[in-house]
Amino acid sequence: MRKPVIQFQDFSFQYRAQSEPTLHHINLTIYAGEKVLIVGPSGSGKSTLSHCMNGLIPFFYQGEMSGSLQIGGQESRELSIAELSDRVGTVLQDPDGQFVGLTVAEDIAFKLENDRVPQAEMIRRVTGAAETVKFATFLEASPQSLSGGQKQKTTLAGVLVSEADVLLFDEPLASLDPYTGRMTVDLIDRIHRETGRTVVIIEHRLEDMLHRHVDRIIVVNDGQIAADMTPAELLCSGMLRETGIREPLYLNALRYAGCIITPDMQPQHIDTIRLDDCIPVLNDWYHGQQGDTAVSAAEPILELQHVSFGYSKSNPVLHDVSLTVRRGEMVCIAGRNGAGKSTISKLICGFYRPTSGQILLGGRDLAGDTIKERADQIGFVMQNPNHMLSKPLIYDEVALGLRTRGVPEEEIQQRVHDVLQVCGLYPFRSWPVSALSYGQKKRVTIASILVLRPEILILDEPTAGQDYRHYNEMMEFLMELNAQGITIIMITHDMYLMMEYGQRTIVLSEGKKIADDVPARVLSDEAIVAAAHLKTTSLHELAVRSGVGEPSELVSRFIAYDRGMRQS
Amino acid sequence: MSTPMLSYTNLNTPVHRLTGVTKLVFFMVWALTAMIIYDTRCLLVMLVLGLVIFGMARVPFQQYSFVLYLILVFFLLNQVAIFLFSPLYGVELYGSQHDIVHIAGRYTLTWEQLFYQFNVALKYAVVIPIALLFLLVTDPSEFASSLNRIGVSYKIAYSVAIALRYIPDVQQDFQNIAFSAQARGIDISRKEKIGKRLKNVISILMPLILTSVERIEKISTAMELRGFGRKNKRTWYKSRPFQTGDYVALTLVILVAVVSFAVTFADGSRFYNIFE
């Protein structure tokens with residue numbers, strides 16, 4: 001008899017500030033020792049579901065609950081948030097903003113300190129938890145000085161240190177690069193097997209999570225449970241396309257080739273899927289396709305020549321980087337955190353000056369131009385829209401750059417309205433910015449830059465924190481801008497973005513340029529992939545396992561076909 | 001990025017190794033003593049002691065240079081102001097008058113005034129090194145735990161510590177916001193007129209406040225989910241038992257205080273009079 005640890009029965013929830021319930025009549029049981037993945041698009045209610053499990057609802061976010069939710073056999077509303085935290089340990093996304101201790105050890109100990117555990121026992125348990133995540137040598141380090149993966153280990157140890165039976169992961173991959181993401185998936189899997197605790201993961205990056213075994217996947221859509229099945233069943237059900245969740249790439253390729261996927265083929269992982277029947281079909285498809293490896297030969301618009309830079313003399317960030325962006329291109333700049341990719345954009349915009357080397361725009365050296373002068377030609381959109389929004393109303397926000405440039409008010413109105421049309425924001429023009437969703441805010445920031453009519457648009461992680469549908473909308477929008485002649489440079493470690501939209505990928509590692517090629521070739525080169533903290537795609541493994549074509553060629557033909565499908 | 005100002009770095013000297021409570025108590029008793037007494041002999045002894053301790057901590061000069069200059073400027077202003085507002089206060093205090101030179105009107109420079117202002121200067125010189133040292137050698141979470149140990153509620157103590165911790169992050173946010181604002185033509189440099197500049201600074205503050213609110217919400221949910229505030233008391237992972245160094249430091253500061261008060265008040269006045 002399996003023991004239920006979390007049990008929703010006819011459970012509904014409505015936030016106090018909203019007119020409609022976010023969760024409708026949820027029935028869901030999670031059993032002891034299970035590993036469950038909860039997926040769903042943004043706004044589906046999956047975060048709300050996790051807030052109900054860890055007690056943030058109703059203690060932090062208030063609202064109206066009905067039905068029953070039992071955690072460890074007790075009604076959750078009879079427990080305090082602290083008592084719930086003894087049963088459900090939560091690992092929140094983005095470890096950066098939540099460190100409370102000056103050292104890793106103190107941060108791990110935080111829960112125990114609050115529970116008044118005596119010091120000697122605390123030290124023993126902290127060391128134990130750190131050893132479980134293989135992190136004991138870093139106990140005295142400052143959390144801020146760690147890499148992304150190490151930060152994740154610290155927050156995970158901070159939850160393992162308690163005796164909570166359930167480990168709840170809230171979008172654990174959200175702020176990680178592909179390589180660190182894969183390490184995290186491995187780590188969660190090992191913790192699950194070694195400790196036997198129940199693991200619940202909320203995440204929309206399905207393919208990355210399926211890198212390791214998952215018992216059950218629950219699909220949440222429109223505040224309801226849309227599916228509750230094994231990974232193999234789900235992948236064959238067509239449910240993913242209906243709910244707007246990205247299916248794994250290798251399955252996407254097999255589907256394009258015309259293969260029928262069934263649950264008994266074990267499709268949940270590229271290493272387990274039985275390909276026997278698919279190979280001939282895939283082979284025929286492969287030979288009927290053509291890859292696209294042409295790169296733009298238009299005139300250069302932006303050139304970096306032997307650019308070096310460091311915030312201090314002893315600590316150079318960029319060494320002798322040269323690169324060319326051609327008019328009308330859509331280029332990605334990739335690299336692990338600290339590789340210098342954000343620094344490049346700050347140099348181009350003039351926020352910092354290179355210590356040596358030149359930056360040319362249309363052949364003209366930019367060294368003498370101020371930030372404001374450069375901004376007329378090069379627009380820069382930051383990752384976090386809240387860093388850019390400074391006016392309460394959308395219209396004023398978009399008009400801001402023109403007003404500071406002394407443009408007459410009638411012309412401002414014309415240009416703002418035009419740009420709001422282009423960005424699909426025209427109906428919202430008199431709305432307050434605060435009423436918009438994250439993706440819409442991002443659009444407002446892009447509109448506020450576009451209104452200055454730059455020739456080049458630089459975007460820092462344009463799709464971060466957005467689900468598949470919003471990702472597609474954002475990228476199709478950028479494609480339209482690109483088609484209108486704006487050159488686009490994207491700083492990203494999103495591999496799907498590079499594959500699906502990048503005409504070229506420039507890879508930086510430790511301040512040097514190590515690759516500059518079409519994405520299919522960059523993502524198939526294992527040395528580059530490792531240096532940039534990317535990973536090879538599952539298409540790569542598909543080519544190796546099926547023996548159909550060279551990996552980079554299969555990737556290239558897939559990309560060309562996929563782009564054809566999108567345009568039709 | 002420049003060297004962080006007044007930030008804690010663990011240099012592991014005998015001074016750094018003291019517990020947070022010792023550092024806090026030492027600083028408070030020391031400052032109080034120096035503020036109350038005017039006994040030149042005691043102040044001189046304390047000055048020497050303070051400088052020796054400051055030297056022992058081996059903190060690099062860049063870490064406090066700016067603050068030191070700032071304090072020196074205020075110190076000079078203060079000295080000038082004392083003379084301007086009460087040029088004969090020393091005479092009043094010490095009950096005698098030995099003129100050096102008559103300047104103008106009611107302004108006469110006397111040995112008594114000079115001696116009085118010398119004592120004020122001495123008090124500054126006694127307090128400043130220890131105050132700077134306290135800021136430079138106490139890490140924020142240790143500060144929180146020591147506030148808690150001397151009786152401040154741990155919730156308040158922790159809020160103070162977290163606020164200190166996130167100052168560098170907020171600075172980083174501010175820089176990013178200022179950059180993007182400048183690109184859109186919002187100038188906050190001296191080139192802009194003061195009224196316009198003030199307005200521009202405000203339009204940068206708005207996103208800064210929003211992102212800070214976001215930060216606060218994130219950290220408070222994280223703390224809440226880890227049981228912060230569930231009990232009236234908590235334990236501290238880093239709390240350390242007193243070591244020899246702590247006993248030495250506390251004995252020293254108590255000795256200094258007791259002796260100073262005894263010597264100072266032996267003749268019934270806070271002031272040491274060399275003119276009798």
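## Domains

In this predicted model, chain B is divided into two domains. Domain 1 of chain B takes in residues 14–142 and 245–265. Domain 2 of chain B covers 166–224. The C-alpha centres of these two domains of chain B lie 38 Å apart.

Chain A also has a domain assignment. Domain 1 of chain A spans 4–238, and domain 2 of chain A spans 378–453. Taken over C-alpha atoms, 37 Å separate the centres of domain 1 and domain 2 of chain A.

## A sheet in chain A

Chain A holds an open sheet of four strands. The order is E12-E11-E14-E15, with antiparallel pairing. E12 and E15 (364–365) are the edge strands, and each pairs on one side only.

## How the strands pair

Start with E11(A), residues 300–312, and E12(A), residues 315–326. Eight bridges join these antiparallel strands. A hairpin of two residues leads from E11(A) to E12(A). Across this pair, Phe309(A) stands opposite Leu318(A) in E12(A).

E11(A) also pairs with E14(A), residues 356–361. Here five bridges join the two strands, again in antiparallel fashion. Gln305(A) has Gln358(A) of E14(A) as its bridge partner.

Next comes the link from E14(A) to E15(A). Two bridges join these strands, which run antiparallel. Leu361(A) stands opposite Arg364(A) in E15(A).

## Side chains and faces

Key:
Residues are numbered from 1 along each chain as its sequence is written. Chains are lettered from A and ligands numbered from 1 in the order in which they are written. This is a predicted model: local features need pLDDT of at least 70, side-chain atom pairs count only at pLDDT 80 or more; totals for chains, interfaces and linings use all residues. Domain bounds come from an automatic or database domain assignment. Two strands pair if DSSP finds at least two bridges between them.
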